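Here is a short tour for anyone meeting this structure for the first time. Please keep the sequence and the 3D view at hand as you read.

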Amino acid sequence: MSCEIEISGLIKTFGDNTVLNGIDLCLTPGERVAIIGPSGTGKSTLLRCLNFLDRPDAGRITLGDLTVDAARADKPEILALRRRTGFVFQNYALFANMTARQNIMEGLTTVRGWTPEKARARADEILGQIGLGDRGDSYPSGMSGGQQQRVGIGRAMALDAELMLFDEPTSALDPEWVGEVLDLIRKIADGRQTMLIVTHEMQFAREIADRVIFMEGGRIVEQGPPSQIFGNAQDDRTRAFLRRVG
Ligand code: ADP
Ligand code: MG
């Protein structure tokens, strides 16, 4: 099958620290890919580069009919890319001075240019889907971590993005809230939303991913179906990592 999303030769350095060392990746439509690997390995940077939250030094990102060359990307291209990707942050990154509904509306009015009325209707629909139909007027400070992250996910869902990026969406949560957030992501995955999810929840990755990528040192070391990575990893580094976290 052809690539819906294609990443080639992605490189990112911070000073003399090369964090992404030439990442190549092809996602087919509806593919759900989990990224695992030690901390400091460039997993977050990879996701952030795909959305130009960090600007890659080199490489090319193709999303459907849009191709962005990192070295030459201008503002309209970057905005076009952002319109087509949804990002879920580890620490929710909600606007503290906005209600749950306003947080979900924000991207629709600013990035999408929707009218407030249309954005509000969509936000209310999303609030229902994330199980927070009665919490639209709540501020983040009045919600549990699990509810806040569900709003963070709802904000990304509202964009109807071709690609959803999840960066360790449960790692900042108290254990009691992890389940409800994983349930919501599972629901999105069941809808065959194309996604890249960085996670330390190995059981969850095994369950929802079509493909698991093990990254170390800014490179993709090994990738394959969950059964292969978790059951029969070929690379010593993958096996050592899985022993440590397992
Ligand atoms: P991971 O998500 O796999 O834990 P990161 O992508 O967060 O790894 O970080 C990879 C490396 O990039 C680390 O060495 C980190 O210190 C460095 N890094 C990340 N962001 C920045 C930044 N904004 N400035 C400088 N160094 C950074
Ligand atoms: Mg990270």
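## The annotated span

Between the end C-alpha atoms of residues 5–242 the distance is 28 Å, and this span is 39% helix and 26% strand. Helices (H or I, at least four residues) and strands (E, at least two) are DSSP runs, numbered from the N terminus. The UniProt record, an unreviewed entry, gives residues 5–242 the feature "domain: ABC transporter"; its positions follow the numbering used here, feature names are shortened, and annotations may be inferred rather than shown by experiment.

This is a predicted model, in which local features need pLDDT of at least 70 and side-chain atom pairs count only at pLDDT 80 or more, while totals for chains, interfaces and linings use all residues. Residues are numbered from 1 along each chain as its sequence is written, and chains are lettered from A and ligands numbered from 1 in the order in which they are written.

## The chain as a whole

The protein chain has nine helices and 10 strands. Its radius of gyration (taken over C-alpha atoms) is 18 Å, close to the 18 Å from the globule rule (2.2 Å times the number of residues to the power 0.38) for 246 residues, so the chain is as compact as a globular protein of that length. Along the principal axes, the C-alpha atoms fill a box of roughly 50 × 45 × 40 Å.

## Inside the fold

Of the 246 residues in the protein chain, 42% are buried, that is, have 20 or more other C-beta atoms within 10 Å of their own; 12 or fewer makes a residue exposed, and in between is partly exposed, with C-beta atoms placed from the backbone.

## A look at Leu79

Leu79 sits in helix α2 (residues 75–83). Is Leu79 buried or exposed? Leu79 is exposed, because 12 other C-beta atoms lie within 10 Å. Leu79 and Gln234 are 155 residues apart in sequence and 39 Å apart in space, C-alpha to C-alpha.
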